[in-house]
Amino acid sequence: MNYSVKKIGQILNATTQIDSKIVTGVSFDSRKVKSGDLFVALVAENDGHDYVQQALTKGATAVLVDDRHQIDSKIPAIIVSDTLLALQQLGEYRRHQINPKVVAITGSNGKTTTKDMTSAIMGSQYKTFKTPENFNNEIGVPLTLLTMPDDTEVLVVELGMDRPGQLTTLSELVSPDIAIITMIGEAHIEFFKTRENIAKAKLEITKGLKSQGTLLIPYDEPLLTNAQVKQNVQTFGQDIKDINSSSSKTIFTYQNTRFAIPLLGRYNIMNALAAISAGILLHIELKNAAEALQHFDLTKNRTEQLTTSHGVNLISDVYNSNPTAVVAVLATLKIIPATHKYVVLGDMLELGEQAASLHACLAETVINANVDGVYLVGPLMNKYLYPILQRRFDSAHLHQYETDQLAELIKDLQTLGENGDVILLKASHGIHLENVVNALVK
């Protein structure tokens, strides 16, 4: 990105002042501003206009502000009616200017892992850029567009969703050539009430999908396979053979090519097949895809495999959680070869009025996972799952903690297990089990 204040004003049809300055980056957090950045004063819980001077002190070249706030005439500025809308319009302009092939990914689970896999595969033959971290909302997506390099040939962008209409906006912003829906689970069911409504909202990703574009969906999800979509639709997940798992990787055969991914679980095979299918659409050779997936860059806390100081293997999956995801990861834990296995489960959030039944229904899966110890964290796990598990586990093997007792949990886990044993941690991000993971691997 290398635009003058004047150029940005022209793109946004906005008023400018001191318009000769050159902008080389974008930030909406005044604490993270770098020299050359355009500071975008967003109005949310905090009003970004209150931090304009801090951003300038940190090195911002100019500021993007709205016309309801007074700005000193000596400050390089672009003045608009809505700073968020202007940020999105600027991102859309840059997407048109660079014009990469765009792969957009959404889903109740697996979208970040699929993004990482897809980026690795595309990167084997193209100059590829992907969504940083979890920049997948109305702010993060335009920032992704504005930070991609000028020579980007393929953009892999993650699109999040927590309300109807959101994916329509994001999909139209990125205008994908390929859209992927990884799965339909119960994430955000508090707001959508049913999985059918969640599927309908996920299908909004086709609103911006090019008319000649392709939607990739799992073959075994009737809420998607039976949907009416104008664009081309392909399914993924069929015809896999020779699946084998070890403590550190999963191996499978697809189209006569052997793949080995450094992740566990059949659900990660599905994520890989979504990424492979996108690669095939952009003419990636399968041998290149297989090589790329052997050692791809995985975003932190997505089924991440770590090791404690005394050799216990940790499976950290603590960024989000819902019943479908918990069942899948526990099924994976069950087949991992280890002398002793333990599971730490934190509350699954945003389940609304179904929270009680959806937490309680995990009991059979936990019992069938054949674990040596269960550690529950949070009021929902303790109220609805703990009483059922008490019938099968004694007090030495079943433990409960409130969300403010993570220090106690860390202390109990630090001496748990021996070299080669496994501890799985799974929870919604709001439980902050990442703090437990970080303490265990110090």
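In the predicted model, E285 and K287 form a salt bridge (a side-chain nitrogen of Lys or Arg within 4 Å of a carboxyl oxygen of Asp or Glu), with their closest N and O atoms 3.8 Å apart. Under the accessibility classes applied here (buried, under 20% relative accessible area; exposed, over 50%; partly exposed, in between; 1.4 Å probe, protein chains only), E285 is partly exposed at 43%, whereas K287 is exposed at 57%.

Residues are numbered from 1 along each chain as its sequence is written, and side-chain values use heavy atoms, with hydrogens and water left out. Because the model is predicted, local features need pLDDT of at least 70 and side-chain atom pairs count only at pLDDT 80 or more, while totals for chains, interfaces and linings use all residues.

By the distance rule stated above, the count comes to 16 salt bridges. One of these joins the side chains of R163 and D162, with an N to O distance of 3.0 Å. Both partners are assigned to the intermediate accessibility class: R163 is partly exposed, with a relative accessible area of 38%, and D162 is likewise partly exposed, at 32%.

A further salt bridge pairs K115 with D116, the closest N and O atoms lying 3.9 Å apart. In this pair, K115 is buried, with 0% relative accessibility, and D116 is also buried, with a relative accessible area of 1%. The two residues belong to a network of salt bridges in which K115, D116, K130 and E158 are linked.
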